[in-house]
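Good morning, and thank you for coming. I shall speak briefly about one protein structure, and I ask that you keep the display in view as I go.

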Amino acid sequence: MSRRAGNAGHSTLAFVESPVQLLNVLEWAHARASGAELTLVVLSPTDPMTRGQLRRMAELARQEGHGVRWEEARGGPAAPFRTIGGLAALLRGAGRIVLGDPFSRYVQLLLTITGARDLVVVDDGTATMEFVAQLARGDRLVRWHRKGGRPGPRDLVFAPVSAVARRRLTPGARRTVEVFSAMPVEETPPGVTVTANAFAWTRDRFGPPRLTKGADLVGTSLVETGVVDGDRYLDAVRALAAAHGATRYFAHRRESAEKLHRLAVGTGLEVVRPDLPLELIARRGPIGRTVLSFPSTVVHTLPLALAGTGVQVAVCDIDPAWLTAHASPRAQGFLSGVTGTARDVHRLPAVSSV
């Protein structure tokens, strides 16, 4: 695998931890068309589903001519030290850093090492909306689904590193910051450049898809993140599928095997575990003429990826009664915002989960 870094000051290093992040680095590189050398550093997670999708996306990146460096970043207690030590020289020599998850502690630690003058945050879905809003307000970086309240012990230990990373992500006289996103950005911090991700690379490389007569349903990991009650979610999926004649359920890569088994048995839906991000799966086809989703990134990205194909994307609201007692106080408002700001989608009322 390639380890090229290019000339100091001119090379670009991109750090990704998920297939969606890697997809959007490819979209950013396609939009830039600058000719600068790009080395993708995959900070591999342990989840088998995510690793498999990342392997497939890494092959697509190589086909595009980009270097790929796969790091077993979580392969045991010593792995972070090996990874950071092995990347230190590249970090100090890179002129631009592209990252997919500014909330990642791994990425925040790497940001303390780099002296890059250009930083780019590419789409990581709904997290991108929250990152930009927090940066604009001057808040500490906290994922939207985490419960509110005082920071925990690990947060306090990591606070100095997070503070340095946040300063690195703030534009100034010696540093530019770009956000490349398909998500709506309403609170733009001073000095931050926002560039629209139109999914041009995806449309150029794949499709158009063959359309099926029925509807497809897109899964979400809101149960796994503790936001939505599992039984309520199962009932809602059953009701939504029955109301719209859905036959397939495209699972989110973080959905548990146990939950998906319950869902398949309880709804009769065919559960599909995609080997690529859904935007690519849908663009390659076959895909239903209607794609149903709960509030998530795909209600913003699928209409762009499927533009001109005749596919209608419909989003179903989350009923407040579905939320768990552990859900963040911000959860309902944030999810409503994800739905309300989506363009070119059909909005459905929350279905009964009783």
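Let us begin with helix α5. Its buried residues are Thr126, Ala127, Thr128, Met129, Glu130, Phe131, Val132, Ala133, Gln134 and Leu135. Please bear in mind that this is a predicted model. Buried here means that a residue has under 20% relative accessible area. Since 10 of the 12 residues of α5 are buried, the helix is largely enclosed by the rest of the structure.

How far apart are the end C-alpha atoms of α5? They are 17 Å apart, and this agrees with the 16 Å that the 12 residues, 126–137, should span at 1.5 Å a residue. For those new to helices, an α-helix has 3.6 residues a turn, so residues three or four places apart point the same way. After α5 comes Gly138, which has a positive phi, near 80 degrees.

I turn next to the nonpolar cores. The largest of them has 42 residues, and those that touch the most other members are Leu22, Val25, Leu40, Met57, Leu280 and Leu302. Helix α1, residues 19–32, is the greatest contributor to this core, giving six residues. Apart from this core lies another, of 30 residues, including Leu13, Ala94, Ala116 and Val177.

Which residues does Met57 touch, if we leave out those up to four places away in sequence? They are Pro19, Leu22, Leu23 and Leu26, together with Leu276, Pro277 and Leu280.

Now to the sheet. Strands of a sheet pair through backbone hydrogen bonds, either parallel or antiparallel. Here six strands make an open sheet with parallel pairing, and their order is β10-β9-β8-β11-β12-β13. At the edges are β10 (270–272) and β13 (346–348), each of which pairs on one side only. From one strand to the next, the twist averages 30 degrees.

Strand β8, residues 211–218, and strand β9, residues 246–250, are joined in the parallel sense over four bridges.

Is Asp101 buried or exposed? Its relative accessibility is 6%, and therefore Asp101 counts as buried. A polar atom of the Asp101 side chain lies 3.0 Å from the backbone nitrogen of Phe103.

That concludes my presentation, and I welcome your questions.

Methods
Residues are numbered from 1 along each chain as its sequence is written. This is a predicted model: local features need pLDDT of at least 70, side-chain atom pairs count only at pLDDT 80 or more; totals for chains, interfaces and linings use all residues. Side-chain values use heavy atoms; hydrogens and water are left out. A nonpolar core is a set of buried Ala, Val, Leu, Ile, Met, Phe, Trp, Tyr and Cys residues joined through side-chain atoms within 4.5 Å. Buried means under 20% relative accessible area, exposed over 50%, partly exposed in between (1.4 Å probe, protein chains only). Helices (H or I, at least four residues) and strands (E, at least two) are DSSP runs, numbered from the N terminus. Contact means heavy atoms within 4.5 Å. A polar contact is a pair of N or O atoms within 3.5 Å; within protein, one must be able to donate a hydrogen and the other to accept it, and residues adjacent in sequence count only if both atoms are side-chain atoms. Two strands pair if DSSP finds at least two bridges between them. Axes are lines fitted to C-alpha atoms, for helices over the stretch in contact, and angles run from 0 to 180 degrees between N-to-C directions. The expected span of a helix is 1.5 Å times one less than its number of residues.
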